[in-house]
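Here are my notes on the model, point by point. Have the sequence and the coordinates open while you read.

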Amino acid sequence: MRQDSTILNFQTRGRGLLEITREIVGWADGQAMDAGLLTLFCRHTSASLLIQENAARAVRTDLEAFFDRIAPEDPQAYEHDDEGPDDMPAHLRTALTGVQLSIPLISGRLALGTWQGIYLFEHRRRPHRREVAVHLMGE
Amino acid sequence: MRQDSTILNFQTRGRGLLEITREIVGWADGQAMDAGLLTLFCRHTSASLLIQENAARAVRTDLEAFFDRIAPEDPQAYEHDDEGPDDMPAHLRTALTGVQLSIPLISGRLALGTWQGIYLFEHRRRPHRREVAVHLMGE
Amino acid sequence: MRQDSTILNFQTRGRGLLEITREIVGWADGQAMDAGLLTLFCRHTSASLLIQENAARAVRTDLEAFFDRIAPEDPQAYEHDDEGPDDMPAHLRTALTGVQLSIPLISGRLALGTWQGIYLFEHRRRPHRREVAVHLMGE
């Protein structure tokens, strides 16, 4: 049994879902393991990690619109706005979706379903550079 | 240290919580490990995994009703409806609850609390066959 | 490769976020590993685990207020109230935020971002004693 880890950097394009499946699968493949457990950890409090459908583009736009509705920008609603009106909603959306994912590696492949993609969910209006810690343990 | 994994299949009965604690514990017990980490990963984007109370039935009906309210079926609200009005709400509820759980194995038992059960949360109206990847690493 | 685990006990002060970063980091440091995977698992259905900003206090009060709004106490809304009006909202907030977190250990440190703290989120009105299973696997 062995392990390896790294920090991957992603440049987001502002609010919305950025697919990172290829980068994650590429790094995992590079470890040349047959079985194990991959863990992703987003090192921020205003961006999160999500498994979502990788086919229909409308799923992503609907999903982004949904989070705009349930955790809206609203200057009246929050005390905290140190970095602007998108600051506190970003924390809330991160709390609702989470910053960590673990995916088993089985027979040399991540156990993602056919329609599952891995997404980095940027919750701030502006583009940010985001760090995702990636860890794989197995053999 | 060693590991094992499998894909377990579950037939859901349509929208709602399906308890899978017994199947998960049964598979873990079969690995005959004393300590380790169990990871469950649901390979779908319209069903999720949840730890919830395993005693009062009303908790489950209230929980199902709550998700119907915060991510409702509403043809006006979503662009994506390739598979019907329950398609997009299913993706949203999956995003809110998550597709992965890891549970430590301590002294030969999963560290579940007394009132915790493991549930597969089906978000589509109709029954589906769902795959859950299960991975255990330990000794 | 080796592993260790324990159950840490925390006394909450009633509803709200209790930072537990120091206790978790302290236990992990005590294992004297250089690389690995730490997993936290909250053994309850009315308290959860959350990574959130550890700087501005207002983030926490806004976050607590947000969950009061989206999963409110409301005797009309729920059938289940065995332990009072805060019982069912506590289960809902636990479902939305989750009971498990895994964090890679890289170069002898948990891969938490600069502004990330680990919080135990008490969802009941009254103080409770909460158990968090902690597991570390690595070398």
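1. Polar contacts between B and A. Chain B and chain A have 14 residue pairs in polar contact, with both residues at pLDDT 80 or more. A polar contact here is a pair of N or O atoms within 3.5 Å; within protein, one must be able to donate a hydrogen and the other to accept it, and residues adjacent in sequence count only if both atoms are side-chain atoms. On chain B, the elements giving two or more residues to the side that touches chain A are β1 (2-11), β3 (36-42), α3 (87-97), β5 (100-106) and β8 (129-138). Helices (H or I, at least four residues) and strands (E, at least two) are DSSP runs, numbered from the N terminus. By class, that side of chain B has 16 nonpolar, 11 polar and 4 charged residues. Ala, Val, Leu, Ile, Met, Phe, Trp, Tyr, Cys and Pro count as nonpolar, Asp, Glu, Lys and Arg as charged, and the others, Gly among them, as polar.

2. Ground rules. This is a predicted model, so local features need pLDDT of at least 70 and side-chain atom pairs count only at pLDDT 80 or more, while totals for chains, interfaces and linings use all residues. Residues are numbered from 1 along each chain as its sequence is written, chains are lettered from A and ligands numbered from 1 in the order in which they are written, and side-chain values use heavy atoms, with hydrogens and water left out.

3. Area between B and A. In this pair, 31 residues of chain B are in contact (heavy atoms within 4.5 Å) with 34 residues of chain A. The two chains bury about 2,500 Å² between them, 65% of it on carbon and sulfur atoms; buried area is the accessible area (1.4 Å probe) that two parts lose on being put together, summed over both. Gln3(B), Phe41(B) and Ala95(B) supply 21% of the area that chain B buries against chain A, more than any other three residues.

4. Salt bridges. How many does the rule find across the interface of chain B and chain A? The count is 0, taking a salt bridge as a side-chain nitrogen of Lys or Arg within 4 Å of a carboxyl oxygen of Asp or Glu.

5. C against B. Here 31 residues of chain C are in contact with 34 residues of chain B. About 2,500 Å² is buried between chain C and chain B, 65% of it on carbon and sulfur atoms.

6. The largest cavity. Its volume is about 490 Å³. A cavity is a set of points, on a 1 Å grid over the protein atoms alone, where a 1.4 Å probe fits but cannot get out, and lining residues have an atom within 4 Å of a point. Grid points are joined across faces, edges and corners, and a volume is the space filled by probe spheres set on the points. Of the 33 lining residues, the closest to the centre are Thr97(A), Gly98(A), Thr97(B), Gly98(B) and Thr97(C). The lining divides into 21 nonpolar, 12 polar and no charged residues.

7. The second largest cavity. About 30 Å³ of space lies in it. Arg15(A), Glu64(A), Asp68(A), Arg93(A), Phe121(A) and His123(A) line this cavity, and they divide into 1 nonpolar, 1 polar and 4 charged.

How values were computed
1 Å grid on protein atoms, 1.4 Å probe; cavity = no way out; pocket = protein on both sides within 12 Å on 5 of 7 lines; lining within 4 Å.
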